Amino acid sequence: MTAFSFRVRATDGTARLGEIATPRGVIRTPAFMPVGTQATVKAMYPEQVRALGADIILGNTYHLMLRPGAERVARLGGLHTFMDWPHPILTDSGGFQVMSLASLRKLDEDGVTFRSHLDGSEYRLTPERSIEIQGLLGADIQMQLDECLKLPAAREDIARAMELSLRWAERSRRAFEGQPEGRAIFGIVQGGDQPDLRVESAKALAGMDFHGLAVGGLAVGEPQEVMLAMIETVEPHLPAAKPRYLMGVGTPDDILEAASRGIDMFDCVMPTRAGRHATAFTRFGKINLRNARHAEDTRPLDPDSPSEPLRRWSRAYLHHLVRAEEMLAGMILTAVNIAYYQELMAGIRSAIAEGRLAAFREEVKAGWARGDL
Ligand SMILES: O=c1[nH]cnc2cc3nc(NCc4cccs4)[nH]c3cc12
């Protein structure tokens with residue numbers, strides 16, 4: 001059985017070109033993970049997600065523990081078999097979505113108690129139970145349970161949540177022992193917008209034998225420059241030989257800037273959610289296909305895209321599907337957006353390999369700025 005390993009193949013400043021080897025396949029980094037919340041990347045067949053370039057997807061523990069239930073997924077062969085996605089899966093701990101989706105949440109030193117947003121039934125999540133659930137799902141990469149505060153927040157609250165997350169990191173890491181060879185667990189750096197607390201969190205986690213480290217507590221309402229400043233603050237304290245995962249990020253611009261600062265893995269609902277809301281991500285920026293200007297535009301979204309969904313249909317057709325509220329609108333635009341995000345990641349990886357990431361960044365930004373002619 002292949003063990004979990006990470007190799008940096010090239011660097012360009014603080015940016016890294018790498019590969020994560022897992023028993024279910026290799027993840028080319030910098031990588032974008034499409035979000036597959038309820039055991040599906042919404043509106044897409046798994047083979048399509050793979051064909052468009054994704055090496056790994058994300059599953060949400062909060063949703064799956066409520067429905068169909070972790071034990072049931074295990075009885076059905078685990079998440080990979082259940083959804084027929086034989087490649088790597090990363091699951092989150094469930095904690096973040098408890099705080100944003102569940103009702104009547106009570107957080108204490110030991111864990112969090114909450115009621116399901118589906119039927120109001122009561123659940124408890126502790127570091128140990130979260131890792132047990134992620135193990136039952138069969139996740140290749142599992143996340144510690146943490147406490148993530150929205151920003152802005154008081155420094156004393158940020159410090160308390162960061163320190164609790166470190167205690168939960170220890171417990172999550174211990175609970176992970178004994179899972180099958182080849183699986184990985186990542187710790188999560190907290191500390192809000194407080195540089196000293198960020199460094200303290202990163203240094204403590206670096207000593208805890210995690211397979212990778214996530215930078216959490218960002219993309220929670222702060223300006224991009226604050227997010228980028230926190231990444232620059234923690235980067236020197238993150239082990240160079242382990243993958244860095246920026247949770248919940250982000251727009252194409254966020255990803256370009258964060259990859260340049262040493263982030264290796266990303267996840268965001270933006271490409272899939274925007275696809276269901278008539279928005280296409282392209283080399284020319286975002287295009288809203290609901291806009292009447294597209295009604296008789298016979299051009300495809302991007303005739304020069306390497307990905308078929310951006311070349312195959314006219315804007316007029318996509319506009320029609322959107323206006324007619326046809327299911328195919330969301331299906332095509334989700335594929336368009338996943339394709340574009342993967343094209344961007346491939347471009348970033350090539351640019352790092354060639355030592356020209358700064359030039360690539362300017363070219364891509366110029367394309368977005370030029371807009372859709
Ligand atoms: O520190 C974190 N810990 C565990 N999960 C997260 C998920 C996260 N997702 C975002 N941003 C994207 C968002 C999705 C929904 C609301 S914000 N930031 C995030 C931070 C964390």
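The strands β4-β14-β13-β12-β11-β10-β6-β5, in that order, form an open sheet of 8 strands with parallel pairing. Strands here are DSSP runs of E of at least two residues, helices are runs of H or I of at least four residues, and both are numbered from the N terminus; two strands pair if DSSP finds at least two bridges between them. The model is predicted, with local features needing pLDDT of at least 70 and side-chain atom pairs counting only at pLDDT 80 or more, while totals for chains, interfaces and linings use all residues. Residues are numbered from 1 along each chain as its sequence is written, and side-chain values use heavy atoms, without hydrogens and water.

The edges of the sheet are β4 (31-34) and β5 (57-59); each has a single partner strand, so one side of each is left without a neighbour in the sheet. From one strand to the next the twist averages 25°. The partner of β4 is reached over 4 bridges in the parallel sense, namely strand β14 (residues 265-268). Within this pairing, proline 34 has cysteine 268 of β14 as its bridge partner. Helix α8 (residues 195-206) packs on the sheet, where α8 touches β11 (184-189) and β12 (212-215), and its direction makes about 160° with that of β11. Such angles run from 0 to 180 degrees between N-to-C directions, with axes fitted to C-alpha atoms, for helices over the stretch in contact. Contact means heavy atoms within 4.5 Å.

The largest nonpolar core has 52 residues, and Leu205, Ile231, Leu246, Ile255, Phe266, Ile348 and Phe360 have the most contacts inside it. A nonpolar core is a set of buried Ala, Val, Leu, Ile, Met, Phe, Trp, Tyr and Cys residues joined through side-chain atoms within 4.5 Å. Helix α14 (residues 327-353) gives the largest share of this core, 7 residues. Another core, of 43 residues, lies apart from it and includes Leu164, Ala278, Ile287 and Leu289.

Helix α13 (residues 315-323) has Arg315, Ala316, Leu318, His319, Leu321 and Val322 buried. Buried means under 20% relative accessible area, exposed over 50%, and partly exposed in between (1.4 Å probe, protein chains only). The cover over these residues of α13 includes β16 (285-288) and α14. Just after α13, glutamate 325 takes a positive phi of about 55°.

Arginine 173 is placed in helix α7 (residues 155-176). Arginine 173 counts as buried because its relative accessibility is 12%. Not counting residues up to four places away in sequence, arginine 173 touches Ile185, Met208, Asp209 and Phe210.
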